[in-house]
Amino acid sequence: MKRINCFIPYGKRDEIEHTVGQLAQSPLTNKIYLITNDPQAEAVEGASILVAQGSWGTATLRQIADSADADYTLIYTKTDSLTLGMYALERLVSIADDTRSGLLYADHLEQNAEGVRPHPVIDYQKGSLRDDFDFGSLLLYRTDLLREAVAEMTKEYLYAGLYDLRLRISRKASLTHVNEYLYTEVENDSRSSGEKLFDYVNPRNRAVQIEMEQACTDHLRQIGAYLPPRTRSIELDEQTFETEASVIIPVRNRVRTIEDAIRSVLRQEAPFPFNLIVIDNHSTDGTTERIRAIAATDPRIVHLIPERDDLGIGGCWNLGIHHPACGKFAIQLDSDDLYSDEHTVRKIVETFYKQRCAMVIGSYRMTDFKLNTLPPGIIDHREWTPENGHNNALRINGLGAPRAFYTPLLRKLNLPNTSYGEDYAVGLRICREYLIGRIYDVLYLCRRWEDNSDASLDIHRTNEHNHYKDKIRTWEIEARINRKES
């Protein structure tokens, strides 16, 4: 019956004792190890000390693999108290036996200052390559596969060990989501979804991101989805346009911000003609009237109200780029945001010609509503290298802003008619074949405020968004594999 070895990080003594007591209650638990980098750390009853580097790096995983001698290896990733549901370990092992899964993870309850609430997670799929994929904190591995995967590791990661392990096991067996609430974990991060959204591009995490990119790129090579550096430039004279560039703004009910966005476009200075196409998606708060009043003062503004009432942001973009007034290059501006100065449009167009690329992505600064800088400040997506950006794009959750496209190509591809991930989807599709140009100057001010569409999402909406982006990545991975095989 002793079928599980458990590994938990060393933390506060009362919390360790609680977690060890929970694990020890199950007759399936064989041994419990406390992972610490302190050789003088004091053990608690029922657990042994395992001295390691203290993080989930490759070296720590090697020690876990060497110590694991039961059928299953359980890793708990938090130092906070773990409370198991009734027969939770028995349930996980039963499903593991039936499915022969390499890794099992489960829905759970989350305890914070406001009480206890459900925290469902989502199914793992081929495109679930984000290193911040939410498995929860309780992971049950098949020990034989864990040992096999660790034995194959050739790179010594300080931060990407668990990520590397997950990717390796996913190539050997299924990763199974048990959609049952099997445990309760403590959650001390009380930030909203909008505040957490940019953790992965925080410059302070650069060393972590480099390791994650290496692990992901190795994985793409193993599954046949890796693509060599993009070298295919694009001919930018496919057809004639009266206007060189169009700024595209889809908008719905942004009466507080739309005029600022429009004015930032009209202030642009460029040695070529440009215009602004505003797709007003049936606003009801006065936005329509505000746009109409400004448009009456400047002929460069094209104010469109769709005949359809089923358009998301992507659908509004499609309406804009297919409009006869759209220029050779279509440049993004969200209705909440602003260009950083009067040279943004010019810099983007110059980059198209200089780099002969199909898409251009700039850099932006995070601000509050009054344009005060917010952490983490400048987001420049330095992880997008010319050599590997198109592969690393499958790991990260966004490509940056502002985004701009060569209109004839975008008219062939179109954007999905969604209001989340539509730009990411088309960016992945473009970089499969073409160069994406980069500008590391700050071109854009990304305003974070209470009415942002992603400012404060509940767990169900967050899961919906993440599942969709994972699906986009799954389709793109399959396309890249099929492209190479053909």
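Before I start on the helices, a definition: helices here are DSSP runs of H or I with at least four residues, numbered from the N terminus. I also note that this is a predicted model.

**Entry 1: helix 7**

I began with helix 7, residues 206–223, and checked its length. At 1.5 Å a residue its 18 residues should span 26 Å, and the end C-alpha atoms are 26 Å apart, so the two agree. Just after helix 7, I found G224 with a positive phi of about 80°.

Next I asked which residues of helix 7 are buried. My list reads Q209, E211, M212, E213, A215, C216, T217, H219 and L220. I then looked up what these buried residues pack against, and found helix 5 (161–170) and helix 12 (389–392).

**Entry 2: helix 2 and helix 4**

Two packed helices are described by the angle between their axes and the distance between the axes. I looked up both values for helix 2 (residues 58–67) and helix 4 (residues 143–152): the axes come within 9 Å and cross at roughly 140°. Angles over 145 degrees would count as roughly antiparallel, and helix 2 and helix 4 are therefore oblique to each other. The crossing of helix 2 past helix 4 is left-handed.

For the contact itself, I noted L61, R62, A65 and D66 on the helix 2 side, meeting L146, R147 and V150 of helix 4. Sorted by class, this contact has four nonpolar, no polar and three charged residues.

**Entry 3: helix 14 and helix 15**

How do helix 14 (residues 422–431) and helix 15 (residues 459–485) pack, and at what angle? I read off about 15°, with the axes 10 Å apart. Helix 14 and helix 15 are therefore roughly parallel to each other. Helix 14 passes helix 15 in a right-handed crossing.

From helix 14, I wrote down Y424, A425, L428, R429 and C431; they meet K469, I472, R473, E476 and R480 in helix 15. By class I have five nonpolar, no polar and five charged residues in this contact.

**Entry 4: S137**

My last stop was S137, in the loop between strand 7 (115–119) and strand 8 (138–142). Is S137 buried or exposed? Its relative accessibility is 2%, so S137 counts as buried.

Leaving out residues up to four places away in sequence, I found that S137 touches I75, Y76, T77, K78, Y183 and E185. I also looked up S137 against P402: they are 265 residues apart in sequence and 35 Å apart in space, C-alpha to C-alpha.

Terms used
Residues are numbered from 1 along each chain as its sequence is written. This is a predicted model: local features need pLDDT of at least 70, side-chain atom pairs count only at pLDDT 80 or more; totals for chains, interfaces and linings use all residues. Side-chain values use heavy atoms; hydrogens and water are left out. Axes are lines fitted to C-alpha atoms, for helices over the stretch in contact, and angles run from 0 to 180 degrees between N-to-C directions. Helices (H or I, at least four residues) and strands (E, at least two) are DSSP runs, numbered from the N terminus. Angles under 35 degrees count as roughly parallel, over 145 as roughly antiparallel, 65 to 115 as roughly perpendicular and the rest as oblique. A crossing is left-handed if the near helix is turned anticlockwise from the far one by less than a right angle, and right-handed if clockwise. Contact means heavy atoms within 4.5 Å. Ala, Val, Leu, Ile, Met, Phe, Trp, Tyr, Cys and Pro count as nonpolar, Asp, Glu, Lys and Arg as charged, and the others, Gly among them, as polar. The expected span of a helix is 1.5 Å times one less than its number of residues. Buried means under 20% relative accessible area, exposed over 50%, partly exposed in between (1.4 Å probe, protein chains only).
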